[in-house]
Amino acid sequence: MTYRLLWVDDEIDLLKAHIIFLEKKGYSLDTATNGYDALELCQKFNYDLVLLDENMPGLSGLETLARIKDILPTTPVVMVTKSEEENIMNQAIGAKIADYLIKPVNPTQILLSLKKNIHSREIVNEATQTAYQQNFCRLSMQINDSLTISDWMEVYKTLVRWELELEDAAAEMKEMLAMQKREANVEFCKFVRKNYMSWMETLVQHQSDNNRPLMSPEIFKSHVFPLLGKGEKVFFLLVDNLRWDQWKTLLPEVSEDFNVEEAMYCSILPTATQYARNAIFSGLMPIEIEAMFPQLWVDEDSEEGKNLNESPMVQTQFDRFRRRHSFSYSKVNDSSAAEKLVQQLPSLLQNDLNIVVLNFVDMLSHARTESRMVRELANNEAAYRSITRSWFRHSAVAELFRALSAIDCIVVLTTDHGSVRANNPVKVIGDKNVNTNLRYKLGKNLSYNAREVFEVREPRKAGLPAPNISTAYIFAQNQDFLAYPNNYNYYVQYYRDTFQHGGISMEEMLVPLIVLQGKKR
């Protein structure tokens with residue numbers, strides 16, 4: 001492909017050597033000695049880049065720049081001028097020039113600017129794809145050699161990093177990465193099946209265990225109470241159903257105002273609000289909540305909301321640890337609630353801890369299942385991340401973060417679980433009382449292929465309530481979802497390729513735990 005350039009300079013004859021150099025590099029160049037001629041050429045041709053002098057007779061470079069932007073709004077313009085006046089630089093940058101070069105310039109400087117402004121995407125894509133290909137075998141070895149939960153967290157972080165970097169890569173390269181991620185999830189599920197019950201053995205007993213990851217009931221003890229003990233004002237923001245890749249998409253927005261400390265923790269099973277989020281706020285496993293505070297626990301078959309008692313659960317945790325700190329609890333379901341919260345910040349600062357649950361990402365996940373339009377808008381993982389970032393950037397939640405960055409507080413940002421894109425149906429048979437979640441089931445009359453699920457026949461050893469003595473839990477793995485045989489084809493077609501949570505995958509279990517301190521603090 002030949003790129004067409006326009007170079008506008010009243011001393012164009014003095015730049016003949018530069019023009020010959022660029023033509024030998026394969027570029028096609030038109031020239032003009034004044035702004036009026038340049039504008040006529042811009043009316044005729046769609047240039048890939050314009051090189052523009054500032055000091056010209058008639059129209060100045062800045063005046064010409066403004067008119068070129070009207071004709072070719074997406075064409076990058078590079079100022080090449082003798083002017084070193086700060087005012088001229090500011091005006092040019094304000095007009096969104098692509099680059100500013102001060103004469104005398106050598107041909108290599110011009111070439112570098114062209115590569116940066118015309119070829120950067122293809123150069124970056126080629127370099128990124130080459131780097132991934134070179135690291136493919138190393139990552140495969142890392143997947144096969146992962147023996148600890150810390151190893152798996154590093155594997156998942158690496159896979160997400162490549163996902164983000166290869167978003168614009170060729171389809172073959174993205175499929176190679178997707179295949180490697182599927183392979184990783186298969187091995188991760190084997191790892192969880194092998195180790196989960198031993199993790200639970202120590203977690204239910206509230207014993208320390210270096211082989212166990214930090215898990216849901218331990219979040220306040222590890223990341224909130226120590227800060228409160230130091231006298232810090234803490235805002236605990238829980239974004240329901242936030243995956244690590246979505247967090248990495250939000251990071252550039254957040255890091256403008258905050259110093260960021262990143263970590264991961266591991267959600268308990270089921271990776272669902274009723275279990276994982278209640279475990280965070282109570283500091284207890286679900287079976288302990290049911291036993292110690294039956295009025296706060298809601299059974300699966302209850303029509304009552306599963307997350308209506310979160311503030312009382314926090315209070316029980318404060319009481320058990322003899323914490324006398326004041327706290328507030330807020331739930332934000334829309335922009336008006338976020339705006340109201342921003343207005344309330346001065347009064348909220350009277351509390352030691354302020355807990356905020358943000359529901360948009362979870363609402364997006366459910367809307368993608370139920371709405372054909374939303375499914376089209378978020379038709380793949382990259383689009384799902386993009387919508388998350390767009391929501392954050394344009395919502396009142398971004399204003400909440402900016403406001404928090406300017407006050408004397410520490411923000412702990414986390415989630416209760418993530419979600420996985422479910423593609424593969426696995427048949428399960430149960431009676432009418434079996435719960436409706438597609439990634440886990442519990443009941444006393446479940447029929448399934450034990451090789452296709454992770455089964456827990458003694459729920460109490462996994463810290464889970466058992467409504468009946470013969471109740472068992474089963475969890476879907478990888479990208480599976482649990483489907484009933486009746487009306488099977490309709491059921492599978494409706495739920496295939498939707499984002500679900502409750503089971504075992506890196507996306508659901510390995511989730512962000514972030515500490516933010518405002519740069520203006």
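This is a friendly conversation about how to read some features of a predicted model.

Biologist: I am new to this structure, so let us begin with the inside. Which residues have the most contacts inside the largest nonpolar core?

Modeller: Keep in mind that we are looking at a predicted model. Its largest nonpolar core has 116 residues, and those with the most contacts inside it are Tyr196, Phe220, Phe236, Trp247, Phe281, Leu353 and Leu404. Helix α8, residues 171–204, gives the most to this core, with 12 residues. Another core lies apart from it, with 21 residues, among them Leu41, Cys42, Leu65 and Val77.

Biologist: Could we take one residue from that list? What does phenylalanine 236 touch, leaving out residues up to four places away in sequence?

Modeller: Phenylalanine 236 touches Ile219, Phe220, Val224, Ile280, Phe281, Leu353, Asn354, Ile355, Val356, Val412 and Thr414.

Biologist: Then let us look at α11. How many of its residues are buried?

Modeller: Helix α11, which spans 273–282, is mostly covered, with 10 of its 10 residues buried. Just after α11, glycine 283 takes a positive phi of about 70 degrees.

Biologist: Where else does the backbone take a positive phi, in residues other than glycine?

Modeller: Histidine 206 is one case, with a positive phi of about 55 degrees. Histidine 206 sits in the loop between α8 and α9, the latter being 219–229. Arginine 322 also has a positive phi of about 55 degrees, although it is not a glycine. You will find arginine 322 in the loop between α13 (310–320) and β9 (327–332).

Biologist: Is arginine 322 buried or exposed?

Modeller: Arginine 322 counts as exposed because its relative accessibility is 70%, and the cut-off for exposed is over 50%.

Biologist: What about peptide bonds? Which ones are cis?

Modeller: The bond from lysine 103 to proline 104 is cis, with omega near -5 degrees. Proline 104 lies in the loop between β5 (99–102) and α5 (107–117). The bond from leucine 269 to proline 270 is cis too, with omega near -5 degrees. Proline 270 belongs to the loop between β8 (264–266) and α11.

Biologist: How do the residues lining the second largest pocket divide by class?

Modeller: The lining of the second largest pocket divides into 5 nonpolar, 5 polar and 10 charged residues. About 550 Å³ of space lies in this pocket. Of its 20 lining residues, Glu163, Lys174, Ala178, Glu381 and Arg421 lie nearest the centre. The elements giving two or more residues to the lining are α8 and α17 (381–394), and α8 gives the most, with 8 residues.

Biologist: Let us finish with the aromatic rings. What describes a pair of them?

Modeller: A pair of aromatic rings is described by the distance of the centres and the angle of the planes. In this structure there are 31 aromatic pairs. Tyrosine 490 and tyrosine 494 form a stacked pair, 6.0 Å centre to centre with 25 degrees between the planes. Both tyrosines lie in helix α19, residues 488–495, and are 4 residues apart, about one turn of the helix. Tyrosine 494 also pairs with tyrosine 495, and this pair is edge-to-face, at 4.8 Å centre to centre and 80 degrees between the planes.

Biologist: How accessible are tyrosine 494 and tyrosine 495?

Modeller: Tyrosine 494 is partly exposed, with a relative accessible area of 29%. Tyrosine 495 counts as partly exposed at 23% relative accessibility.

Biologist: Which residues form one aromatic cluster?

Modeller: One cluster is formed by Trp152, Phe188, Phe191, Tyr196, Trp199, Tyr275, Trp297, Tyr440, Phe454, Tyr473 and Phe475.

Notes:
Residues numbered from 1 in each chain as written. Predicted model: local features only at pLDDT ≥ 70, side-chain atom pairs only at ≥ 80, totals over all residues. Heavy atoms only, no water. Core = buried A, V, L, I, M, F, W, Y, C linked by side-chain atoms within 4.5 Å. Buried < 20%, exposed > 50% of the residue type's maximum accessible area, 1.4 Å probe, protein only. Contact = heavy atoms within 4.5 Å. 1 Å grid on protein atoms, 1.4 Å probe; cavity = no way out; pocket = protein on both sides within 12 Å on 5 of 7 lines; lining within 4 Å. Points joined across faces, edges and corners; volume = space filled by probe spheres on them. Nonpolar A, V, L, I, M, F, W, Y, C, P; charged D, E, K, R; others polar. Phe/Tyr/Trp six-rings, centres within 6.5 Å; stacked < 30°, edge-to-face > 60°.
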